[in-house]
Amino acid sequence: EEKVRDLRRTLGVKVTGPSPPKPVTSFGHFGFDEPLLKAVRKAEYTQPTPIQAQAVPTALSGRDIIGIAKTGSGKTAAFIWPLLMHLMDQKELQPGDGPIGLILAPTRELSLQIYNEAKKFGKVYNLNVVCCYGGGSKWEQSKALEQGAEIVVATPGRMIDMVKMKATNLKRVTFLVLDEADRMFHMGFEPQVRSICNHVRPDRQTLLFSATFKKRIERLARDVLTDPVRIVQGDLN
Ligand code: ADP
Ligand code: MG
């Protein structure tokens with residue numbers, strides 16, 4: 001127990017919530033399968049970042065997460081890796097199947113970054129990843145969704161458009177990520193984010209990431225997460 005406290009202090013992470021798992025500071029101890037370990041080696045990452053060290057074992061244990069850490073701390077992989085492991089136990093994709101992993105992000109640029117990260121680490125598994133954002137072609141995005149996809153990365157407004165157009169559905173979503181929740185709120189996406197959360201099955205796993213943790217985000221967390229583990233890296237602002 002004291003060792004775990006020291007380790008967290010060294011990593012600069014504060015953890016609250018019911019019985020969080022202990023941090024894991026080497027890739028070999030995450031419990032990843034060989035293809036994923038290989039992809040991580042190929043990316044030339046030598047060690048998990050502090051937020052990854054605490055968030056990855058927490059997500060792999062099936063828990064909901066509130067992850068607060070500043071830009072550049074490696075949050076994307078902290079949810080992509082557990083999502084890939086989550087996908088590995090699922091049955092084969094049929095055309096028209098909606099996503100199992102749904103990631104919401106505030107902008108086209110950020111969605112594309114996450115999409116590329118998901119492709120980078122998911123390549124070994126031959127997954128279908130689709131990215132949908134405002135300003136892109138609705139026709140192309142809906143065509144891509146209609147082929148079926150295990151992972152969808154989307155801006156909230158466009159995701160709702162795609163569901164309304166029946167290009168996809170939220171029935172299979174069991175792993176939901178709200179990335180940069182504070183920025184999504186700044187951009188006025190709170191109603192869309194809440195609507196999507198309300199249409200995803202309640203027994204899903206939900207991960208919420210944000211650079212800041214103000215009242216509105218706290219309220220969202222209370223409404224959409226179940227017994228979350230809260231991980232704060234660095235100083236809260
Ligand atoms: P955040 O979402 O917290 O702003 P990102 O996920 O975009 O951060 O990661 C920032 C950069 O760090 C990216 O270029 C990413 O490839 C790199 N990165 C992520 N994890 C590691 C790691 N364990 N070791 C080295 N680099 C990493
Ligand atoms: Mg990020």
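Glu2 belongs to helix α1 (residues 2–11), helices (H or I, at least four residues) and strands (E, at least two) being DSSP runs numbered from the N terminus. Between Glu2 and Gln205 there are 203 residues of sequence separation and, from C-alpha to C-alpha, 29 Å in space. The model is predicted, and local features need pLDDT of at least 70, side-chain atom pairs count only at pLDDT 80 or more, and totals for chains, interfaces and linings use all residues. Residues are numbered from 1 along each chain as its sequence is written, while chains are lettered from A and ligands numbered from 1 in the order in which they are written.

The strands are arranged in an open sheet of 8 strands with mixed pairing, in the order β1-β8-β2-β7-β6-β3-β5-β4, two strands being counted as paired if DSSP finds at least two bridges between them. Because β1 (13–16) and β4 (129–132) stand at the edges with a single partner strand each, one side of each has no neighbour in the sheet. From one strand to the next the twist averages 15 degrees, with axes taken as lines fitted to C-alpha atoms, for helices over the stretch in contact, and angles running from 0 to 180 degrees between N-to-C directions. In general, strands of a sheet pair through backbone hydrogen bonds, in either the parallel or the antiparallel sense.

Strand β8 (residues 229–233) pairs with β1 in the antiparallel sense over 4 bridges, and Thr16 has Arg230 of β8 as its bridge partner. With strand β2 (residues 65–68), β8 pairs in the parallel sense, again over 4 bridges, and here Gly67 has Ile231 of β8 as its bridge partner. Strand β8 is mostly covered, since 4 of its 5 residues are buried.

Strand β3 (residues 101–104) is joined to strand β5 (residues 151–154) in the parallel sense over 4 bridges, with Val153 of β5 as the bridge partner of Ile103. A further 4 bridges join β3 to β6, which run parallel, and Leu102 has Leu176 of β6 as its bridge partner. Gly101 and Ile103 point one way from β3 whereas Leu102 and Leu104 point the other way, and all are buried. In β6 lies Val177, which is counted as buried because 28 other C-beta atoms lie within 10 Å. The C-alpha atom of Val177 is separated by 9.8 Å from that of Asp64, at a distance of 113 residues along the chain.

Helix α5 (residues 108–122) comprises 15 residues and reaches 20 Å from its first C-alpha to its last, close to the 21 Å expected at 1.5 Å a residue, the expected span being 1.5 Å times one less than the number of residues. Its buried residues are Ser111, Ile114, Tyr115, Ala118, Phe121 and Gly122. Seen down the axis of α5, these buried residues fall within an arc of 140 degrees and therefore line one face of the helix, the arc being that of the directions from the helix axis to the C-beta atoms. In α10 (215–224), the buried residues are Ile217, Leu220, Ala221 and Val224. They cover an arc of only 100 degrees around the axis, which puts them on the same side of α10. The exposed residues Lys215, Arg219, Arg222 and Asp223 are carried on the face of α10 turned away from its buried side.

Two loop residues have a positive phi. Lys166, although not a glycine, has a positive phi of about 60 degrees and is found in the loop between α7 (156–164) and β6 (175–178); Lys166 counts as exposed because it has 11 C-beta neighbours inside 10 Å. Asp227, likewise not a glycine, has a positive phi of about 40 degrees and is found in the loop between α10 and β8; with 9 C-beta neighbours inside 10 Å, Asp227 counts as exposed.

Ligand 1 is surrounded by Tyr45, Pro48, Thr49, Gln52, Ala69, Thr71, Gly72, Ser73, Gly74, Lys75, Thr76 and Ala77, a residue being near a molecule if its C-beta atom, placed from the backbone, lies within 6 Å of it. The largest share of this shell, 3 residues, comes from helix α4 (residues 75–87).

Terms used. A residue is buried if 20 or more other C-beta atoms lie within 10 Å of its own, exposed if 12 or fewer, and partly exposed in between; C-beta atoms are placed from the backbone.
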